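Reader: I should like to go through this structure step by step, with the reasoning set out for each point. May we begin once it is on display?

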Amino acid sequence: MDVEIRTAEQEDEAAVTAFTEHPRVHAEFVTWLDEGISLVADSDDAGVVGYVHLHVYPSDEAWIDVLAVAEEERRRGVGFRLVDAAVEEADDRGVDVVRCMGMAEDSTVEGFADSVGFDVAAELHLARGFGFPYGSQFEEAQFDASLETIRDTGVYGRVNGLYADAEGRFRGLPTSVDGFDDARILGFSDDGEVRGAVVFSGRGVNRDAPENRSEMVCGFVWCEEDYASQMALDVRGEARDRNLQDAAVWIPVDLVPSFDQAGFDVGGKRYVYQRRV
Ligand SMILES: CC(C)(COP(=O)(O)OP(=O)(O)OC[C@H]1O[C@@H](n2cnc3c(N)ncnc32)[C@H](O)[C@@H]1OP(=O)(O)O)[C@@H](O)C(=O)NCCC(=O)NCCS
């Protein structure tokens, strides 16, 4: 089988959606042709058998949103070549680091990530908690200013796979959650200093929950350690203030004890993988 890696085109949509059920591909294949990097693996005998899409962010980082190879064509080097070509194109666009998020303890993802030269950069946990009646101390921060604050901490993009782009739209969302058009950053401050910031997307629906609970969905970007418990309570308070049934937030591993203690249900371990370009 001879495989060519090339830029994806509109005509490839049917072939790609035939071998991946990933909801974001079905929803965004065409939009993604003009956003970031979309490549397909086109074989001489079986047609299009692989697909990868990356978003390229202004901070010179790129995230792999989707990577999929048709089941019957796996373990023949197609995924490897797709990632290699995508990283090369990202390099041409000035990207410094390519990242992706994968379920931890998934041996395919772990084995593949290792083989394409990705290391584990961060461990994240999905924390979910009912909105208990705590007062919220979040202040809606001006978006650009907060983004700078987070960037200055040096953890921007590193601690989470949820990422707000320049327009404040979310990227890299967990696939079980839908409806994220309304992202904002909320700054948490004390004594006039920003102690933490959370990217808040508004309302989502947790399709994993039997009753499809509406929830507040956040990417937890950064928090000073001493303020983690307060942050956990305020995430729930914010959800309650917005009349949402739940709050879901990706947290870095060192904040797990504080969120656990605040009554969040912590699970869904994921790794952020990265490869320097
Ligand atoms: C992950 C995926 C894209 C890999 O594609 P692929 O074309 O089969 O990968 P390659 O053949 O290029 O594999 C390269 C190396 O990765 C590692 N690898 C690939 N699949 C593996 C598996 N199931 N278990 C362990 N290691 C694996 C191996 O080291 C392999 O080299 P080898 O075959 O010489 O041992 C494919 O399995 C897939 O589409 N999975 C479903 C979607 C998914 O999980 N996407 C990844 C999100 S990060």
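Reader: Which residues of H3 are buried, and how are they arranged around the helix axis?

Author: In this predicted model, the buried residues of H3 are Val78, Gly79, Leu82, Val83, Ala86, Val87 and Ala90. An α-helix has 3.6 residues a turn, so residues three or four places apart point the same way. Viewed down the axis of H3, the buried residues fall within an arc of 165°, so they line one face of the helix.

Reader: Which exposed residues does the opposite face of H3 carry?

Author: That face is turned away from the buried side of H3. The exposed residues there are Glu88 and Asp92.

Reader: What end-to-end distance should H3 have, and what distance does the model show?

Author: H3 comprises 15 residues, 78-92, and at 1.5 Å a residue it should span 21 Å.

Reader: Which elements contribute to the shell around the ligand, and which of them gives the most?

Author: At least two residues of the shell come from each of S4 (61-69), H3, S5 (97-103) and H4 (107-115). The shell has 18 residues, of which Arg74, Gly79, Phe80, Gly111 and Ser115 come nearest to the ligand. Gly79 is also among the buried residues of H3. With six residues, the element that gives the most is H4.

Reader: Which strands pair with S3, and which residue in S4 is the bridge partner of Gly50?

Author: Seven of the ten residues of S3, residues 47-56, are buried, so the rest of the structure largely encloses this strand. S2, residues 37-43, pairs with S3 in the antiparallel sense over seven bridges, and a hairpin of three residues joins S2 to S3. S3 and S4 also run antiparallel and are joined by seven bridges. In S4, the bridge partner of Gly50 is Val69.

Reader: Which residues of H2 are buried, and which exposed residues lie on the face turned away from them?

Author: In H2, residues 23-32, the buried residues are Val25, Phe29 and Trp32. They cover an arc of only 90° around the axis, which puts them on the same side of H2. The face turned away from the buried side carries the exposed residues His26, Ala27, Val30 and Thr31.

Reader: Is Ala248 buried or exposed?

Author: Ala248 lies in S14, residues 246-252. A residue counts as buried if 20 or more other C-beta atoms lie within 10 Å of its own. Ala248 has 28 C-beta neighbours inside 10 Å, so this residue is buried.

Methods
Residues numbered from 1 in each chain as written. Predicted model: local features only at pLDDT ≥ 70, side-chain atom pairs only at ≥ 80, totals over all residues. Helix = DSSP H or I, 4+ residues; strand = E, 2+ residues; numbered from the N terminus. Expected span 1.5 Å × (residues − 1). Buried ≥ 20, exposed ≤ 12 C-beta atoms within 10 Å, placed from the backbone. Arc of directions from axis to C-beta. Near = placed C-beta within 6 Å. Pairing = 2+ DSSP bridges.
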